Amino acid sequence: MSKPLHIALVGDVHRQFDQRDIAQFNQSDYDLLLCTGDLSNRWHWEGMAVAPQMARLQKPTLIIPGNHDTLTLPQLVAEIKQWPRLRRWLAWGQPRRLRQWQRALGPVQVGGYSVHPVPGGDDVAVVVGRPFAMGGSVLHCQPQLKRQFGVGTMAESAARLCQLVEQAPQSQLIFLAHNGPMGLGSRRDSIWGNDFHPDQGDFGDADLWEAIAFAQARGKTVLAVVAGHMHHHVNRKGKRTWHLVRDGIHFINAARVPRIFEKDGRTHHHHIRLTILAGEVTVTELLT
Ligand SMILES: [Fe+2]
Ligand SMILES: [Fe+2]
């Protein structure tokens, strides 16, 4: 590959995507935009206000639904508490909410257990992981995952992701997920570490970790793993690691929340720039 690929990484949106973002990305040199999801904050309908904004993007854009997307607040609580009957019951309306969400996003592609060739990248694909992930080794939104993808357990999820890796004709892969993989640290300020439990711990996803290991074992080059969910700001202790390189893989937590903020009398918009040239990856955090 002689021409560089430029990819914009937009972390958890949480209602923050405006006209300035649209103008900036539409006029940019980006080949592709990847978004880690969570358009809403608390109420699922908040995402329906943000989605039409994102639909105005003229660059190819791929998004994975986060745990705040298409879940009602009671459903989110039932998922956190793992109340079996209630989570099943409250998931009934989710297919309809997902259809509305997809429609509102217009040309933005909604991924999930899917593989997408990178425009302009001869041999590069994005593997999109499990939607609605919330960490903690639980298969959240199991009723919806079962209905939509036939995935009912964490083992089935890992197997599906490995199958996608196996079937992808491209040899260079970028993973896009809502929550990151396990295995990258168990401190509260680790890239996907648990900052809301006194015992801390690794809050990464086992199925994603398995798929990455599988890709490497099959001789694929994993260029980067992009996810969010565990926001940069760490409960009671500053900021978590948002980028690390291990075994040549760039792990990127893009969830700087809020992604639009005021500082020194200026409004800043956060995103991350990923450049790939001849298999070399460069990662830059940008405040524009
Ligand atoms: Fe999230
Ligand atoms: Fe989030």
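Visitor: Where does Pro 258 lie, and what places it there?

Guide: Pro 258 lies in the loop between β10 (249–253) and β11 (260–263). Helices (H or I, at least four residues) and strands (E, at least two) are DSSP runs, numbered from the N terminus. The model is predicted: local features need pLDDT of at least 70, side-chain atom pairs pLDDT 80 or more, while totals for chains, interfaces and linings use all residues. Residues count from 1 along each chain as its sequence is written, with chains lettered from A and ligands numbered from 1 in written order.

Visitor: What makes the peptide bond from Val 257 to Pro 258 cis?

Guide: Its omega is near 0 degrees. Most peptide bonds are trans.

Visitor: Is Gln 82 buried or exposed, and how do you know?

Guide: Buried takes 20 or more other C-beta atoms within 10 Å of the residue's own, exposed 12 or fewer, partly exposed anything in between; C-beta atoms are placed from the backbone. Gln 82 has 12, so it is exposed.

Visitor: And His 229: buried or exposed?

Guide: His 229 has 27 other C-beta atoms within 10 Å, so it is buried. Its phi is positive too, near 70 degrees. His 229 is in the loop between β8 and β9.

Visitor: Which residues of α3 are buried, and how do you know whether they line one face?

Guide: Gln 75, Leu 76, Ala 78 and Glu 79 are buried in α3. Down the helix axis they fall within an arc of 160 degrees, so they line one face. The arc is that of directions from the axis to the C-beta atoms. This buried set packs against α4.

Visitor: How does the span of α8 compare with the expected one?

Guide: The expected span is 1.5 Å times one less than the number of residues. Helix α8 (residues 206–217) has twelve residues and reaches 16 Å from first C-alpha to last, close to the expected 16 Å. Just after α8, Gly 219 has a positive phi of about 80 degrees.

Visitor: What is buried in α8, and what covers it?

Guide: Asp 207, Leu 208, Glu 210, Ala 211, Ile 212 and Ala 215 are buried in α8. Their cover includes α7 (154–167), β7 (172–179) and β8 (221–228). Contact here requires C-beta atoms within 7 Å.

Visitor: How do you know that β7 and β8 pair?

Guide: Pairing takes at least two DSSP bridges. β7 and β8 have six, in the parallel sense. Leu 176 stands opposite Val 226 in β8.

Visitor: What sheet holds them, and what makes a strand an edge strand there?

Guide: An open sheet of six strands, ordered β5-β6-β7-β8-β10-β9, has mixed pairing. Edge strands β5 (114–117) and β9 (243–246) each pair on one side only.

Visitor: Why is β1 called largely enclosed?

Guide: Five of the six residues of β1 (residues 5–10) are buried, so the rest of the structure largely encloses the strand.

Visitor: Which strands does β1 pair with?

Guide: β1 pairs antiparallel with β12 (residues 266–277) over five bridges. His 6 has Thr 275 as its bridge partner in β12. Four bridges join β1 to β2 (residues 32–35), running parallel. Val 10 stands opposite Cys 35 in β2.

Methods
Two residues are in contact if their C-beta atoms, placed from the backbone, lie within 7 Å.
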